[in-house]
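This briefing sets out selected structural features of the protein chain shown below. The points are grouped by topic for reference alongside the coordinates.

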Amino acid sequence: MKSILLASTALVAFAGAAAADGHTSITHTLSTTLGYNDNNGNTIINDDETGFYWEGNLKTDAKATLDNGLTAGAYFEITVAEDNDTANDDGGIDLSSSDFVLSLEASNGGLFFGDTGRAAEKYWKSAGDMESDGVSTGSDSAVLRGDIAAGPVKASISTIIDEDNDSEEQWSFGAEVDAGVAVITAAYQEETDFVDADDDFNGDEIWGLSAQGTFGGATVTVAYAENTTDDQQSTGIKVAYPFGPVTATAYYVDEQGGALDGEPNFGINVAYADGPIGATVDYQDDQGTEKWSVEGSYDVGNGLTLFAGALDETEDDADYYVAAKYDLGGGADFLISYAVDKDGGAEDEIGSDEYQEGTTVELNFSF
């Protein structure tokens, strides 16, 4: 997480200069949230908002075509959170830059720096819930990544830039070949003792191969992944087949080695979408632990959509929720939800839309 100070006059001047240049484009997106949550007095939940809360987020995306044909880009997000309303020593407010990416792109590749995906993450395609394919998908540090494309081949290499120690950490590689009948991918990340604050960071050495193709209307993915640090191997197959308004997806993964006990992972998902009705039924057996969910939505019309669902990820009592969202038009919507976390976990994120524990009333705007 980086903290920066912005002068509004400089930002306005920059936008004006960009607008005057025909080779430069700059777009801003502002989103805001105002809400209230009563979490049923569950004090162990640590990522719920409690009581009144608000947040604002500004996204800026700038692109400029250079004289040599390259395209330079700059993207950043500025988040104004509830606890940013106290003045700093200079009398201003420190705003939090949650994401930033600087880029230089050509038709056959590019160079990216900032909060951008690692090479292995960019290309890896799993075949279901694989225990050994946990390549890093997040970083609290800046990432430098280079991409290249030549015909049917695409490849990337990346590393974390450790500013504190002036070093590069956890090199990562990813590649893809479009072979016509299937797309073949490869991914690798090296082992590191680098410590990153992001929960999605994994310091293990991991590599994998996968292939994905469509045959007779079914999309088939086969994959092999190995975590060499933990001596674990996963071999899986996943098949997704649409028929009418229904898409059925099933996977099976053989798990071996390390702390794995040889228990396979398998699951099936059936999704239905037709007119105003949407529904999903999901079942997974993850190393002998069963997880299931049933979720649905109904578009009443005039901007109102209803949601409901029940899910169990701990073989305990099932969580459940009901919600309604009203589209106010012009990028605004109003949400009211009620969700119960029966397993008493330390996080909320109940259901696919990640509803908060308890009663939530929320107003959202996007401009």
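**Charges over aromatic rings**

The charged end of Arg-145 is placed over the ring of Phe-112, at 4.6 Å from the ring centre. A second case involves Lys-122, whose charged end sits over the ring of Tyr-123, 5.6 Å from its centre. The model discussed here is predicted.

**Overall composition**

- The protein chain contains two helices and 21 strands.
- Of its 367 residues, 36% count as buried.
- Among contacts in the protein chain with a separation of 6 or more, 46% are between residues 24 or more positions apart.

- Strand β16, covering residues 277-286, pairs with strand β17, covering residues 289-301, in the antiparallel sense over ten bridges.
- Within this pairing, Asp-282 stands opposite Ser-293 of β17.
- β16 and β17 form a hairpin that has two residues between the strands.
- Gln-287 lies in the loop between β16 and β17, and its phi is near 55°, a positive value in a residue other than glycine.
- Strand β17 is also joined to strand β18 (residues 304-312) by nine bridges, and these two strands run antiparallel.
- Val-294 has Ala-310 in β18 as its bridge partner.
- The hairpin of β17 and β18 likewise has two residues between the strands, and Asn-302 there takes a positive phi near 55°.
- In a regular strand, side chains alternate between the two faces of the sheet.

**Loop between β12 and β13**

- Asp-231 lies in the loop between β12 and β13, the latter spanning residues 232-243.
- Although Asp-231 is not a glycine, its phi is positive, at about 55°.
- Asp-231 counts as partly exposed because its relative accessibility is 47%, which falls between the limits of 20% and 50%.

**Nonpolar cores**

- The largest nonpolar core has eleven residues in all, including Trp-124, Met-130, Ile-206, Tyr-251 and Val-253.
- Alanine is also represented in this core, with Ala-120, Ala-127, Ala-187, Ala-223 and Ala-225 among its members.
- The elements that give two or more residues to this core are β12 (218-227) and β14 (246-257).
- Another core, of eight residues, lies apart from the largest one; among its members are Phe-307, Leu-311, Tyr-321 and Leu-335.
- In soluble globular proteins, nonpolar side chains tend to be buried together.
- Leaving aside neighbours within four places in sequence, Ala-225 is in contact with residues that include Trp-124, Met-130, Trp-207 and Gly-208.
- Further contacts of Ala-225 include Ser-132, Asp-133, Gln-232, Gln-233 and Ser-234.

**Aromatic pairs**

- A search of the whole structure finds seven aromatic pairs.
- One of these is formed by Phe-365 and Phe-367, which are stacked, with 6.1 Å from centre to centre and 5° between the planes.
- A pair of aromatic rings is described by the distance of the centres and the angle of the planes.

Notes:
Residues numbered from 1 in each chain as written. Predicted model: local features only at pLDDT ≥ 70, side-chain atom pairs only at ≥ 80, totals over all residues. Heavy atoms only, no water. Pairing = 2+ DSSP bridges. Helix = DSSP H or I, 4+ residues; strand = E, 2+ residues; numbered from the N terminus. Buried < 20%, exposed > 50% of the residue type's maximum accessible area, 1.4 Å probe, protein only. Contact = heavy atoms within 4.5 Å. Phe/Tyr/Trp six-rings, centres within 6.5 Å; stacked < 30°, edge-to-face > 60°. Lys NZ or Arg CZ within 6 Å of the ring centre and 35° of its normal. Core = buried A, V, L, I, M, F, W, Y, C linked by side-chain atoms within 4.5 Å.
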